[in-house]
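Me: I have a chain open and would like to talk it through. Could you walk me through it?

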Amino acid sequence: MPIEIKELHIKINVNEGSKPAASASKSKSKDEDPVAECVAQIMKIIERKKER
């Protein structure tokens with residue numbers, strides 16, 4: 001007999017004093033266009049798949 005989950009509770013604790021990890025990556029590539037960076041990464045993934 002399958003089990004059906006009707007409700008899911010997620011609890012998260014947030015520390016106010018810590019710096020977010022995403023801010024470090026933004027400062028690294030702030031002079032580059034984020035869209036161009038995403039396109040470049042997608043093209044690399046496609047090329048890797050073609051090699052297989």
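Reply: What follows goes from the whole chain to a few of its residues, and the model is a predicted one.

Me: How many helices and strands does the chain have?
Reply: The chain has 2 helices and 0 strands.

Me: And what share of the residues is buried?
Reply: Buried residues account for 2% of the 52 residues in the chain, while the accessible surface of the chain comes to about 6000 Å², with 57% of that belonging to carbon and sulfur atoms.

Me: Which residues form the nonpolar patch on the surface?
Reply: That patch is formed by Ile-3, Ile-5, Leu-8, Ile-10, Ile-12 and Val-14, which together have about 800 Å² of accessible area.

Me: Where is Val-14, and why does it count as exposed?
Reply: Val-14 is in the segment before α1, the helix that spans 22-28, and it counts as exposed because its relative accessibility is 63%, where the cut-off is over 50%.

Me: Switching to His-9, what does its side chain make a polar contact with?
Reply: The side chain of His-9 makes that contact with the side chain of Glu-7, at 2.8 Å.

Me: Is His-9 buried or exposed?
Reply: His-9, which also lies in the segment before α1, counts as exposed because its relative accessibility is 66%.

How values were computed. Residues are numbered from 1 along each chain as its sequence is written. This is a predicted model: local features need pLDDT of at least 70, side-chain atom pairs count only at pLDDT 80 or more; totals for chains, interfaces and linings use all residues. Side-chain values use heavy atoms; hydrogens and water are left out. Patches are made of residues with over 30% relative accessible area and no salt bridge: like charges are joined within 9 Å, nonpolar side chains (Val, Leu, Ile, Met, Phe, Trp, Tyr) within 5 Å. Accessible areas come from the Shrake-Rupley method with a 1.4 Å probe; for residues, only the protein chains shown count as cover. A salt bridge is a side-chain nitrogen of Lys or Arg within 4 Å of a carboxyl oxygen of Asp or Glu. Helices (H or I, at least four residues) and strands (E, at least two) are DSSP runs, numbered from the N terminus. Buried means under 20% relative accessible area, exposed over 50%, partly exposed in between (1.4 Å probe, protein chains only). A polar contact is a pair of N or O atoms within 3.5 Å; within protein, one must be able to donate a hydrogen and the other to accept it, and residues adjacent in sequence count only if both atoms are side-chain atoms.
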